[in-house]
Amino acid sequence: MGSRALHPGAWWAWALALAVAASRTTNPLLLGLIIAVAGVVVANRRSDAPWALAFRLYVYVGALIVASRVLFRILIGGEDGGHVLFTLPRIPLPAFAAGVSLLGPTSAEELLGGFYDGLRLATMVICVGAANALANPKRLLKAVPGALYEVGTAVTVALTVAPQLVESVQRVRRARRLRAGRTRGLRAVKGIVVPVLEDAMDRSLRLAAAMDSRGYGRRAYLSSALRALIAGCVLAGLAGVCVGVYGVLDGTSSWLGVPMLAAGLGVAVVGFVLGGRRVRRTAYRPDPWRWPETLVVVAGVGACALLFVSARVDPANLYPSLSPLRWPSLSPMPALSLLIGAVPAFVAPRPPSAEVVR
Amino acid sequence: MIEFSHVTVTYPDAVRPALSDVSLVVEEGELCLVAGPTGAGKSTFLGAINGLVPHFTGGRLAGRVLVDGVDTASNPPRELASVVGVVGQDPLAGFVTDTVEEELAYAMEQLAVPPDVMRKRVEETLDLLGIADLRHRPLRTLSGGQQQRVAIGSVLTAHPRVLVLDEPTSALDPTAAEDVLAVITRLVHDLGTTVVVAEHRMERVAQYADRLLYLPGDGSVRSGPPAEVLATAEIAPPIVELGRLAGWSPLPLSVRDARRVAGPLRSRLQKLSVVGSTLSVTGQALDVREVVVRYGDVLAVRGVDLRVGPGEIVALMGRNGSGKSSLLWAVQGSGPRSAGKVDVGGVDPASLKPRVARQRVGLVPQTPADLLYLDSVDAECAQADVESEVPAGTARALLDRLAPGIAGEAHPGDLSEGQRLALVLAVQLAAAPPVVLLDEPTRGLDYHAKRRFAAILRELASQGRAVVLATHDVEFVATVAHRVVVMAEGEIVADGPTKEVIVASPAFAPQVAKILAPQPWLTVDEVAEALT
């Protein structure tokens with residue numbers, strides 16, 4: 001198996017499937033398993049490109065989410081009749097905020113509830129981080145439908161200028177020392193921000209001029225009625241998708257879920273196809289979709305689907321009980337189904353090493 | 001191929017039009033050099049060829065520009081992409097993708113070229129430019145010359161009939177510049193591409209040019225064969241000035257042609273000797289010992305020893321990435337230094353606070369604008385006085401000596417390259433450092449500005465300061481430096497008086513030296529002085 005970059009769409013499908021799976025459970029053991037699965041795959045299959053190093057950042061964000069959730073539960077606590085672990089002095093609030101109290105007794109149930117909740121969100125964030133670390137954002141933009149071309153461009157310019165921005169911050173900070181200016185603190189901000197922003201503006205303009213003179217943004221003529229129809233389709237479709245996703249994740253209402261999602265997707269696709277006709281362009285060596293791509297998607301979606309099935313069999317396993325307090329348990333069925341998600345760590349092709357040494 | 005008829009370009013708030021009533025024709029297959037002092041409208045002229053002026057830059061264009069029969073007024077740059085290819089000054093700023101191969105394909109993707117044709121053209125272009133071995137390399141890891149060639153390739157794949165290049169060699173060392181020029185001449189001769197090049201360093205391109213468009217700075221354009229236009233042009237490369245001095249006609253533009261007619265001049269000069277005084281250095285202003293700079297696994301500077309005396313001007317030369325900048329920053333003390341000692345008047349500047357260090361060593365970085373952050377020249381000068389703990393007005397007085405006539409309320413961003421350099425130099429010199437370091441100061445300066453700048457450096461030296469400048473500009477080094485230090489791979493490979501080091505070097509010898517070899521003349525001024 002030669003080394004090549006996997007289609008970025010495959011990584012995103014896999015990661016989003018894991019995120020959906022994470023949304024359906026608060027069992028910390030299962031969530032930990034999902035994080036472990038994502039971590040294993042990232043560690044095994046990320047390239048040495050700059051964006052691949054972002055994974056750590058997402059893990060930090062995840063930790064922050066968990067910590068803040070727990071802290072908020074302590075801050076806005078209340079007596080819920082659980083096992084009180086410790087009691088902080090209560091801060092009285094004025095009458096209009098009746099029912100809300102700051103600090104006070106904190107129960108184990110509350111802390112655990114916050115922890116479970118935070119961990120679920122953190123896991124979803126880490127899944128998205130995994131996709132970001134594995135898929136080349138610029139290659140993904142190439143696969144974006146023609147109708148979203150403008151959005152794609154804005155992202156491309158941002159992606160190109162952002163790393164240069166970091167560079168110019170370092171350069172200017174170094175240069176500040178030459179004038180004996182401060183390099184830290186609020187008073188240094190002007191001396192650093194002004195040259196950096198001027199530089200960034202300049203670079204973005206030059207990049208835009210270069211893109212323009214290389215034929216970027218050529219388009220076929222479309223009537224205004226058709227353009228309005230396209231915009232309507234895309235907006236209505238995306239709104240439908242949003243509602244549908246909410247319905248699916250909520251899992252309680254019947255018609256808001258899958259049917260709405262499907263209808264929204266359908267309308268949006270029509271809009272995209274129509275809009276795509278506006279942009280005439282071709283793709284140079286587009287990322288192929290071969291069996292490893294399919295396998296990666298099947299692994300992600302499969303893990304998610306099996307978890308859903310196991311939820312029907314034994315829902316208690318996915319949502320560990322808080323009252324009465326009970327240790328979360330790990331039964332083999334959901335655990336095994338999640339482990340399928342780790343398959344890409346072994347079946348996906350290795351990424352090509354980005355830096356060929358000079 | 002390119003036809004301007006009565007073109008006038010006016011920017012809003014401008015005192016006078018950038019181009020006024022320009023009419024000219026560039027024929028197919030010509031290599032056309034655009035020259036003139038800074039601010040004469042070269043960029044405007046180049047932008048007008050592919051419609052960036054006025055579609056992208058704003059301003060008003062009267063008259064008509066036809067490129068390959070297409071009117072730029074009704075066609076924005078993107079529609080002209082298949083006719084005109086444009087390569088900007090800084091290739092890195094124009095790159096959209098990450099790797100060489102993707103960058104070459106980008107323009108074709110936008111033009112909806114079928115995939116199989118794209119594949120073929122990318123391979124052809126890789127071979128044409130000799131960059132096939134770089135195809136998978138990330139663009140950021142390429143050297144300056146390689147980046148410039150990729151940038152040229154990235155517009156060539158669209159098969160344009162006209163190629164427009166803005167200062168393609170100004171940031172490059174002499175050898176990399178030769179590579180890029182070789183590519184350009186090959187395009188003209190083998191493919192019949194019409195090429196329009198703007199270049200401050202005319203000595204590099206003039207000999208290959210079929211036509212010279214000279215912009216004297218009043219909005220007009222003089223067009224004609226290079227030798228004719230240069231005979232009267234205000235700014236000219238050294239070879240032309242030597243030709244004027246010797247009264248050669250027609251003016252030779254290449255070293256070969258000049259050598260063939262220079263016989264009589266050489267025999268006249270045989271009997272004369274170079275005037276000019278030899279510098280006797282006493283004492284040491286700067287003592288650098290065994291300095292090492294390491295970035296991760298990369299050794300940028302490997303144990304460099306350098307001593308500079310007061311009143312001495314030392315030029316630091318060498319390829320891009322040979323460690324020149326790293327050395328300067330390490331010496332100033334603001335950049336990293338892994339090992340070694342620096343001694344300026346008995347102290348190591350790195351051990352001092354920035355405020356004190358800049359009173360010992362002043363450094364003007366490669367992008368001088370990094371140092372400027374206030375909204376007027378006066379504010380910058382006042383701030384510099386505060387930073388340097390000197391009486392108010394010191395920096396402004398310095399600036400007026402370096403570059404007279406800069407309005408105090410002007411925004412630093414609106415100054416020309418030369419004026420901005422002077423401002424930063426004034427800011428740094430306000431602290432009166434005995435050692436002045438300059439990183440690539442002549443980038444973007446025209447011949448006049450360079451001459452003024454050379455005079456400034458000589459004045460600094462005559463005040464007893466030690467000056468070290470890193471540069472690729474051999475002609476500038478020939479006029480100003482007492483000593484040349486050549487670096488390669490982070491080590492010093494040559495260190496000696498300017499004459500000894502650069503006369504014999506094929507890459508670093510200035511034009512006058514090449515023409516008059518084996519006699520050791522470096523500049524037209526030397527020759528002129530000896531002849532009178």
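B:Glu167 is buried, with 22 other C-beta atoms within 10 Å; here a residue counts as buried if 20 or more other C-beta atoms lie within 10 Å of its own, as exposed if 12 or fewer do, and as partly exposed in between, with C-beta atoms placed from the backbone. The phi angle of B:Glu167 is positive, about 50 degrees, although the residue is not a glycine. B:Glu167 sits in the loop between β7 (162-166) and α7 (174-191) of chain B. Helices (H or I, at least four residues) and strands (E, at least two) are DSSP runs, numbered from the N terminus. The model is a predicted one, in which local features need pLDDT of at least 70 and side-chain atom pairs count only at pLDDT 80 or more, while totals for chains, interfaces and linings use all residues. Residues are numbered from 1 along each chain as its sequence is written, and chains are lettered from A and ligands numbered from 1 in the order in which they are written.

A second residue of this kind is B:Ala112, which is not a glycine and yet has a positive phi of about 60 degrees. B:Ala112 lies in the loop between α4 and α5 of chain B. Is B:Ala112 exposed or partly exposed? With 14 other C-beta atoms within 10 Å, B:Ala112 is partly exposed. Most residues other than glycine have a negative phi, and most peptide bonds are trans. Two cis peptide bonds also deserve a look. One runs from B:Val53 to B:Pro54, with omega near 5 degrees, and B:Pro54 belongs to helix α2 (residues 52-55) of chain B. Another joins B:Ala517 and B:Pro518, with omega about 10 degrees; B:Pro518 is in the loop between α21 (511-516) and α22 (524-531) of chain B.

Stepping back to the whole chain, chain B holds 22 helices and 19 strands. Its C-alpha atoms fill a box of roughly 70 × 55 × 50 Å along the principal axes. The radius of gyration of chain B is 24 Å, in agreement with the value near 24 Å that a compact globule of 532 residues would have; this radius is taken over C-alpha atoms, and the globule rule is 2.2 Å times the number of residues to the power 0.38. Buried residues account for 56% of the 532 residues in chain B. Of the contacts in chain B between residues at least 6 apart in sequence, 69% join residues at least 24 apart, a contact being two residues whose C-beta atoms, placed from the backbone, lie within 7 Å.

The largest nonpolar core has 195 residues, and B:Val34 and B:Ala426 touch the most other members. Such a core is a set of buried Ala, Val, Leu, Ile, Met, Phe, Trp, Tyr and Cys residues joined through C-beta atoms within 7 Å. Helix α17 (residues 417-429) of chain B gives the most to this core, with eight residues. Beyond its neighbours within four places in sequence, B:Val34 is in contact with residues including B:Phe45, B:Leu46, B:Val196 and B:Leu215. A second, separate core has 45 residues, among them A:Leu6, A:Tyr58, A:Cys127 and A:Val297.

Helix α4 (residues 100-110) of chain B packs against helix α6 (residues 144-156) of chain B at an angle of about 35 degrees, with the axes 6 Å apart. Axes are lines fitted to C-alpha atoms, for helices over the stretch in contact, and angles run from 0 to 180 degrees between N-to-C directions. On the α4(B) side the contact uses B:Val100, B:Glu103, B:Leu104, B:Tyr106 and B:Ala107, and on the α6(B) side B:Val150, B:Gly153, B:Ser154 and B:Val155. These residues divide into six nonpolar, two polar and one charged, where Ala, Val, Leu, Ile, Met, Phe, Trp, Tyr, Cys and Pro count as nonpolar, Asp, Glu, Lys and Arg as charged, and the others, Gly among them, as polar.

The contact between the chains takes 50 residues from chain B and 38 residues from chain A. On the side of chain B that touches chain A, α4(B) gives the most, with seven residues. By class, that side has 28 nonpolar, twelve polar and ten charged residues.

Elsewhere in chain B, β12, β11 and β14 form an open antiparallel sheet in the order β12-β11-β14; strands pair if DSSP finds at least two bridges between them. The edge strands are β12 (298-308) and β14 (339-343) of chain B. Strand β11 (residues 286-295) of chain B pairs with β12(B) over eight bridges. Helix α13 (residues 324-332) of chain B lies across β11, β12 and β14 of chain B, at about 120 degrees to β11(B).
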